[in-house]
Amino acid sequence: MERCPTCNAKYAGKRLCHRCKTNLGVLVDIEEKAKEHLEAAKAALASDDIKQMFFHAKRSCSLRRTPEAERLLAYASLLVNQYDRAISSWRNV
Ligand SMILES: [Zn+2]
(Lines give C-alpha, C1' and ligand atoms only; values in the text may rest on other atoms or scores of the structure.)
Protein backbone atom coordinates (compact mmCIF):
# COMPACT_ATOMS: atom_id res chain seq x y z
CA MET A 1 0.00 0.00 0.00
CA GLU A 2 1.48 3.28 -1.06
CA ARG A 3 -1.40 5.58 -0.19
CA CYS A 4 -4.33 5.69 2.20
CA PRO A 5 -7.42 4.48 0.28
CA THR A 6 -9.59 7.00 2.16
CA CYS A 7 -7.72 10.29 1.85
CA ASN A 8 -4.87 9.42 -0.52
CA ALA A 9 -2.20 10.50 1.97
CA LYS A 10 1.17 8.82 1.54
CA TYR A 11 1.30 5.63 3.63
CA ALA A 12 3.66 6.14 6.56
CA GLY A 13 3.94 2.52 7.67
CA LYS A 14 1.55 2.80 10.62
CA ARG A 15 -1.74 1.05 11.28
CA LEU A 16 -3.64 4.36 11.40
CA CYS A 17 -3.45 6.92 8.62
CA HIS A 18 -1.54 9.93 9.93
CA ARG A 19 -3.95 12.33 8.20
CA CYS A 20 -7.50 10.92 8.45
CA LYS A 21 -6.96 8.24 11.15
CA THR A 22 -8.46 5.48 9.01
CA ASN A 23 -7.56 2.09 10.44
CA LEU A 24 -5.26 0.59 7.81
CA GLY A 25 -4.35 -2.40 9.97
CA VAL A 26 -6.67 -4.85 8.22
CA LEU A 27 -5.21 -3.93 4.83
CA VAL A 28 -1.67 -4.23 6.19
CA ASP A 29 -2.51 -7.67 7.60
CA ILE A 30 -3.95 -8.82 4.25
CA GLU A 31 -0.84 -7.65 2.41
CA GLU A 32 1.40 -9.48 4.85
CA LYS A 33 -0.65 -12.67 4.55
CA ALA A 34 -0.47 -12.45 0.75
CA LYS A 35 3.33 -12.17 0.97
CA GLU A 36 3.47 -15.16 3.34
CA HIS A 37 1.48 -17.28 0.89
CA LEU A 38 3.67 -16.11 -1.98
CA GLU A 39 6.80 -17.19 -0.11
CA ALA A 40 5.14 -20.49 0.86
CA ALA A 41 4.32 -21.11 -2.81
CA LYS A 42 7.97 -20.52 -3.76
CA ALA A 43 9.15 -22.82 -0.97
CA ALA A 44 6.72 -25.52 -2.09
CA LEU A 45 8.03 -25.23 -5.64
CA ALA A 46 11.58 -25.57 -4.36
CA SER A 47 10.61 -28.79 -2.60
CA ASP A 48 8.62 -30.12 -5.59
CA ASP A 49 5.30 -29.99 -3.71
CA ILE A 50 3.23 -28.75 -6.63
CA LYS A 51 -0.16 -29.15 -4.93
CA GLN A 52 0.96 -26.91 -2.05
CA MET A 53 2.51 -24.47 -4.50
CA PHE A 54 -0.80 -24.21 -6.34
CA PHE A 55 -2.73 -23.77 -3.07
CA HIS A 56 -0.47 -20.99 -1.78
CA ALA A 57 -0.27 -19.25 -5.16
CA LYS A 58 -4.09 -19.15 -5.34
CA ARG A 59 -4.31 -17.82 -1.79
CA SER A 60 -1.73 -15.14 -2.40
CA CYS A 61 -3.43 -14.01 -5.59
CA SER A 62 -6.86 -13.94 -3.99
CA LEU A 63 -5.57 -11.74 -1.18
CA ARG A 64 -3.56 -9.37 -3.35
CA ARG A 65 -3.14 -9.44 -7.10
CA THR A 66 0.39 -8.46 -7.99
CA PRO A 67 2.23 -9.27 -11.22
CA GLU A 68 4.51 -11.62 -9.27
CA ALA A 69 1.57 -13.46 -7.67
CA GLU A 70 -0.21 -13.75 -11.05
CA ARG A 71 2.94 -15.13 -12.72
CA LEU A 72 3.42 -17.68 -9.96
CA LEU A 73 -0.24 -18.72 -10.14
CA ALA A 74 0.01 -19.06 -13.92
CA TYR A 75 3.06 -21.28 -13.52
CA ALA A 76 1.44 -23.36 -10.74
CA SER A 77 -1.72 -23.72 -12.83
CA LEU A 78 0.29 -25.12 -15.73
CA LEU A 79 1.94 -27.61 -13.40
CA VAL A 80 -1.45 -28.91 -12.18
CA ASN A 81 -2.87 -28.95 -15.72
CA GLN A 82 -5.34 -26.12 -15.22
CA TYR A 83 -4.64 -24.41 -18.51
CA ASP A 84 -7.62 -22.04 -18.52
CA ARG A 85 -6.58 -20.64 -15.15
CA ALA A 86 -2.98 -20.38 -16.35
CA ILE A 87 -4.02 -18.36 -19.39
CA SER A 88 -6.31 -16.18 -17.29
CA SER A 89 -3.56 -15.44 -14.77
CA TRP A 90 -1.01 -14.77 -17.45
CA ARG A 91 -3.34 -12.23 -19.10
CA ASN A 92 -3.57 -10.38 -15.76
CA VAL A 93 0.21 -9.99 -15.44
ZN1 LIG B 1 -6.06 8.70 5.24
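This is a predicted model: local features need pLDDT of at least 70, side-chain atom pairs count only at pLDDT 80 or more; totals for chains, interfaces and linings use all residues.
With a relative accessible area of 53%, threonine 6 is exposed, because exposed means over 50%. Once its neighbours within four places in sequence are left aside, threonine 6 is in contact with Cys20 and Thr22, and the side chains of threonine 6 and threonine 22 are joined by a polar contact of 3.1 Å. Leucine 72, by contrast, is 66 residues from threonine 6 in sequence, and their C-alpha atoms are 30 Å apart in space.

Turning to charged side chains, the structure holds six salt bridges. One of them pairs aspartate 29 with arginine 15, whose closest N and O atoms are 3.1 Å apart. Since aspartate 29 belongs to helix α1 and arginine 15 to the segment before α1, this pair ties together parts that are 14 residues apart in sequence. Aspartate 29 is partly exposed at 38% relative accessibility, and arginine 15 is partly exposed at 45%.

Another salt bridge joins arginine 64 and glutamate 31, at 3.7 Å from N to O. Arginine 64 lies in the loop between α2 (50-63) and α3 (67-79), while glutamate 31 lies in helix α1, so the pair ties together parts that are 33 residues apart in sequence. Arginine 64 is partly exposed at 35% relative accessibility, whereas glutamate 31, at 16%, counts as buried.

Within helix α1, lysine 33 and glutamate 36 are three residues apart, and are therefore separated by about one helical turn; their side chains meet in a salt bridge of 3.4 Å, N to O.

Terms used:
Residues are numbered from 1 along each chain as its sequence is written. Side-chain values use heavy atoms; hydrogens and water are left out. Buried means under 20% relative accessible area, exposed over 50%, partly exposed in between (1.4 Å probe, protein chains only). Contact means heavy atoms within 4.5 Å. A polar contact is a pair of N or O atoms within 3.5 Å; within protein, one must be able to donate a hydrogen and the other to accept it, and residues adjacent in sequence count only if both atoms are side-chain atoms. A salt bridge is a side-chain nitrogen of Lys or Arg within 4 Å of a carboxyl oxygen of Asp or Glu. Helices (H or I, at least four residues) and strands (E, at least two) are DSSP runs, numbered from the N terminus.
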